[in-house]
Amino acid sequence: MHACSATLRELGGIDVLFDSLAAQTRSQPPAQTEHPRRGRPVADAQAAARASRPTRIRTMFLSDLHLGTRGCQAELLLEFLRQHDADTIFLIGDIVEGRRLKSRRRWAERHRAVMAELFAKAHGGARIVYVPGNHDQLLRRYAGQYLGGIEIALNAIHETRDGQRFLVTHGDQFDVVLRHMPWLACAGHAAYHGLLALNAGLNMVRRRIGLGHWSLSAWAKYRVKRVVNYIGHFEDSLVAQAQQSGAHGIVCGHIHHPSDHLLGEIRYLNTGDWVESCSGIVEHEDGRLELLCWHDQTGTRRSRWGWRRFGRAAAKAQDWPTEV
């Protein structure tokens with residue numbers, strides 16, 4: 001694997017990724033290793049997962065993966081990617097942290113696995129369009145070029161099977177706080193990560209007493225009036241942009257708030273994120289668009305618990321991303 005444009009070689013972190021993926025491809029299949037807690041062969045579990053037939057869909061929309069950070073739930077994302085086979089995949093911004101694009105530090109195993117899966121889908125014939133956001137805005141200067149078979153674009157128009165046209169954009173350009181009050185955006189970012197840290201401990205307790213995943217930050221979004229107003233203004237701005245573009249709807253990300261509803265005659269779709277909601281939007285073969293929250297799917301919580309155990313073992317091996 002390699003970048004199709006020589007100019008992309010300034011992205012040292014991408015070089016490290018390509019080199020590690022190439023080395024992994026050349027290497028022999030690893031011997032079976034025991035699960036750190038249960039003693040179950042990891043190779044057998046992975047083979048069983050691959051053996052399950054993926055769901056065929058026409059289009060997949062994902063955003064705010066935040067690969068390269070501790071918050072990214074790469075294990076669930078990899079499961080989602082392997083269980084869905086799409087003709088077209090839109091990666092709608094904040095896919096990789098900007099620092100990871102330049103850093104020459106080694107990528108964590110499960111984050112490499114996600115990128116390897118995406119590159120494999122691209123080389124397998126899927127069209128993948130990467131629309132950068134504010135966290136990976138470094139890639140915007142390469143719009144119109146390709147990275148390992150993945151097309152980079154500032155925005156896109158997608159037409160569904162039934163002829164509906166949707167504007168595809170990350171949405172950060174319509175974030176009034178980010179544009180006019182960057183200091184407040186930084187404060188909000190710090191508060192958000194504080195909630196994530198608190199939420200991790202809270203969900204550990206909930207799992208031990210048999211309860212499911214619950215998002216503290218999502219709860220706060222619905223109950224803090226200023227946040228609710230911010231989300232409303234963000235949605236209105238994007239809907240206005242969709243109208244100007246002559247589209248029937250818009251698909252975006254950025255605010256980590258999965259949503260699917262009508263605003264007037266325009267359909268507003270937000271993919272959510274893969275830090276908390278673990279959600280994305282899929283277009284089925286008949287053109288129907290659906291918002292999927294992977295936390296709510298059958299078996300996800302069991303898988304999530306198993307992966308968290310794996311995550312602790314990986315952290316001890318110092319194979320955890322250093323970015324926060």
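The stops below go from the whole chain to its sheets, helices and core.

**Before selecting**

The model is predicted, so local features are given only at pLDDT of at least 70 and side-chain atom pairs only at pLDDT 80 or more, whereas totals for chains, interfaces and linings use all residues. Residues are numbered from 1 along each chain as its sequence is written, and side-chain values use heavy atoms, with hydrogens and water left out.

**The whole protein**

Colour by secondary structure: the protein has 10 helices and 12 strands. Of the 324 residues, 48% are buried; buried means under 20% relative accessible area, exposed means over 50%, and partly exposed lies in between (1.4 Å probe, protein chains only). Contact here means heavy atoms within 4.5 Å. Among contacts between residues at least 6 apart in sequence, 68% join residues at least 24 apart.

**The sheet of 7 strands**

Select E4, E5, E3, E2, E1, E11 and E12, which lie in that order in an open sheet of 7 strands with mixed pairing. E4 (146-147) and E12 (289-293) are the edge strands; each has a single partner strand, so one side of each lacks a neighbour in the sheet. Two strands count as paired if DSSP finds at least two bridges between them.

Next, select E2 (residues 84-91) and E3 (residues 127-130), a parallel pair joined by 4 bridges. Within this pair, Ile 89 has Ile 128 of E3 as its bridge partner.

H3 (residues 74-82) touches E1 (55-62), E2, E11 (279-283) and E12, and its direction makes about 140 degrees with that of E1. H5 (residues 109-123) touches E2, E3, E4 and E5 (150-152), and its direction makes about 105 degrees with that of E2. Such angles run from 0 to 180 degrees between N-to-C directions, and axes are lines fitted to C-alpha atoms, for helices over the stretch in contact.

At the other end of the strand order, select E11 and E12, which run antiparallel and are joined by 5 bridges. Ile 281 has Leu 291 of E12 as its bridge partner. The hairpin of E11 and E12 has 5 residues between the strands, and Gly 287 takes a positive phi near 95 degrees there.

**The helix pair**

What angle do H3 and H5 make where they pack? The angle is about 20 degrees, and the axes are 9 Å apart. H3 and H5 are therefore roughly parallel to each other, a description used for angles under 35 degrees.

Select Leu 62, Leu 67 and Trp 274, which touch the most other members of the largest nonpolar core, a set of 38 residues. Such a core consists of buried Ala, Val, Leu, Ile, Met, Phe, Trp, Tyr and Cys residues joined through side-chain atoms within 4.5 Å. E1, H3, E2, H5, E3 and E5 each give two or more residues to the largest nonpolar core.

Centre on Trp 274. Leaving aside neighbours within four places in sequence, Trp 274 has contacts that include Leu 62, Leu 76, Leu 77, Phe 80 and Trp 294.

Then move to Thr 88, in strand E2. Is Thr 88 buried or exposed? Thr 88 is buried, with a relative accessible area of 14%. Beyond neighbours within four places in sequence, Thr 88 is in contact with Arg 58, Thr 59, Met 60 and Arg 127.

**The sheet of 5 strands**

Finally, select the open sheet with the order E6-E7-E8-E10-E9, whose 5 strands show mixed pairing. E6 (156-159) and E9 (259-263) are its edge strands, each pairing on one side only. From one strand to the next, the twist averages 20 degrees.

- E6 and E7 (residues 165-168) pair in the antiparallel sense over 4 bridges; Ala 156 has Val 168 of E7 as its bridge partner. Their hairpin has 5 residues between the strands, and Gly 163 takes a positive phi near 90 degrees.
- E7 and E8 (residues 249-252) pair in the parallel sense over 3 bridges; Leu 167 has Ile 250 of E8 as its bridge partner.
- E9 and E10 (residues 266-270) run antiparallel and are joined by 5 bridges; His 261 has Tyr 268 of E10 as its bridge partner.

Terms used:
Parallel < 35°, antiparallel > 145°, perpendicular 65-115°, else oblique.
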